Amino acid sequence: MTGTYDPDLDLVYWGTGNPSPWNPRTREGDALWTNSIIALRPKTGEHVWAYQMTPADPFDYDGVHTPMRATLNIEGQPRKVVMQANRGGFLYVLDATNGKLLAANAYGKVTWADGIDLKTGRPKWTQVYHDALAGKNVTVWPSVSGLTNWQHMSFNPGTGLLYINTLHIGMTYEAPEPQAMTPGKPSGPGSVKRTTVLEDPNVRGYLKAVDPMTGKSKWEAPYRSPNWSSTLSTASNLVFTGVMTGEFQALDADTGKLLWSFQTPSGILGQPVTWERNGKQYVTVMSGIGGVYALRAGDPNLANVPAGASIWTFGLFDK
Amino acid sequence: MTRSRSSVFFGLKSAAIGIMLAAATVCPVGAACEFPVVKQAIDIMLDQDAERAAKFRREVAAGSDSIAVMEALVSPEMAKKIDVCRFETAEYLTKRGFPPFH
């Protein structure tokens, strides 16, 4: 996943993946700087600051989601921040200049931690987490796929909200007694056990409009399968996104009301983009189902979605 | 006695080539995937060996990774062949309803 460059601060922000082996019983310590956001000086490689979201991660809660740079009004003052809706279920807001943690709140169902200590920056781990490290079979939310995944969120400075396609899926998880490492053999997938847990098989995801400082939703639109397309917010208060069953949609940014939908021939995982030519604005998205979730999650809602590879461009109406 | 810079360079170069050739002789070249053989072993287990098929299904249903379980239930030689064909095995197990972990 891509990093983010801030030309004003001359910093590059990059998220990092989870530690290996996946089974946490083979590891000790926090495994710095896995599951982290790292700020680097691009010309020198200087490590300016870093913040680790999930120390000693047992659940594969990567921190690789593209960091979102914005300026928020916090306690009456404009603050340059970096935001990340993390796979582990917390929405982090950090001071972009020094990495100070300003807010960290759950934006969906999370059971492995009760919150994040703003002073230390560390999770307030629950018994679920401790039992998982002890090798017990636990039910934990979110699942290995995260509360969100590689689909990018977007920020609308007008509404002050983040638009995030989320997953509503938990898992059973067990880290058995680790086996001896064998050169050349994978140390990841086979080292833990997990199964999928659902509250409602017909609601496996939401598109949420989230306040970055509280994690609370202004509105939530449920979907039968989680959207793996990103969101695109516009100054005209639209949110564009794609659905795994092929619908390309525009929703009202203030209310979540579905305003427009176009059926493409395959599932959408692509990222909507908007662009301008000769004074006219266009929105483009790719249609073509695939990826880990569609192929391997066993989601019955997607069993009959046809394969495809097409690109769709829509022009906005002339005024 | 002095040696020119170029003769030292060529001496080092020759030594490096010698080490590379020796390493190439000692290290086996990466084996090619023999997927028809692997597919046949998977099919035999799942379709004709009730005991091992039941164990495979039970362990995968309990949350184990399907490739890891498959490797544990076949001979060490076949496990090596599966390891070489991890991508093809993953695709095939997914088609059969047993997707491995990503």
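User: Let's start with Asp131(A). Is Asp131(A) buried or exposed?

Analyst: This is a predicted model, so every value we discuss is computed from it. A residue counts as buried when its relative accessible area is under 20%. Asp131(A) has a value of 18%, so it is buried.

User: And which residue does Asp131(A) form a salt bridge with?

Analyst: Here is the general idea: side chains of opposite charge can pair when their charged atoms come close. In this model the partner of Asp131(A) is Lys136(A), with 3.7 Å between the closest N and O atoms. Lys136(A) is partly exposed, at a relative accessible area of 46%.

User: What about Glu220(A): which residue is its salt-bridge partner?

Analyst: Glu220(A) pairs with Lys208(A), and their closest N and O atoms are 3.7 Å apart.

User: Which parts of the chain does the salt bridge between Asp6(A) and Arg69(A) link?

Analyst: Those two side chains meet at 2.6 Å, N to O. Asp6(A) belongs to strand 1 and Arg69(A) to strand 5 of chain A, and the pair links distant parts of the chain, 63 residues apart. With a relative accessibility of 3%, Asp6(A) is buried.

User: How many salt bridges are there over all chains?

Analyst: The count over all chains is 19 salt bridges. Some of them share partners: Lys39(B), Asp43(B), Asp47(B) and Arg96(B) are joined into one network in this way.

User: Next, backbone angles. What should I look for?

Analyst: Most residues other than glycine have a negative phi, and most peptide bonds are trans.

User: Let's move to chain B. How many helices and strands does chain B have?

Analyst: Chain B has six helices and zero strands. Of its 102 residues, 30% are buried.

User: Why is helix 4 of chain B described as largely enclosed?

Analyst: The way to read this is to see how many of its residues are buried. In helix 4 that holds for six of the eight residues, so the helix is largely enclosed by the rest of the structure. Among them are Ile67(B), Val69(B) and Met70(B). The cover over these buried residues includes helix 2, helix 3, helix 5 and helix 6 of chain B.

User: How far does helix 2 of chain B reach?

Analyst: Helix 2 has 14 residues and reaches 19 Å from its first C-alpha to its last, close to the 20 Å expected. Its buried residues include Phe35(B), Val38(B) and Leu46(B). They pack against helix 3, helix 4, helix 5 and helix 6 of chain B.

User: Last topic: how do I read the contact between the chains?

Analyst: The size of an interface is often given as the accessible area lost when the parts come together. Between chain A and chain B, about 1,300 Å² is buried, and carbon and sulfur atoms give 54% of that. Each side contributes residues: 16 from chain A and 16 from chain B.

User: How many salt bridges and polar contacts join chain A and chain B?

Analyst: There are zero salt bridges between the two chains, and two residue pairs in polar contact. By class, the side of chain A that touches chain B has seven nonpolar, three polar and six charged residues.

Methods:
Residues numbered from 1 in each chain as written. Chains lettered and ligands numbered in written order. Predicted model: local features only at pLDDT ≥ 70, side-chain atom pairs only at ≥ 80, totals over all residues. Heavy atoms only, no water. Contact = heavy atoms within 4.5 Å. Buried area = accessible area lost by both parts, 1.4 Å probe. Salt bridge = Lys/Arg side-chain N within 4 Å of Asp/Glu carboxyl O. Polar contact = N/O pair within 3.5 Å; in protein donor to acceptor, adjacent residues only side chain to side chain. Nonpolar A, V, L, I, M, F, W, Y, C, P; charged D, E, K, R; others polar. Helix = DSSP H or I, 4+ residues; strand = E, 2+ residues; numbered from the N terminus. Expected span 1.5 Å × (residues − 1). Buried < 20%, exposed > 50% of the residue type's maximum accessible area, 1.4 Å probe, protein only.
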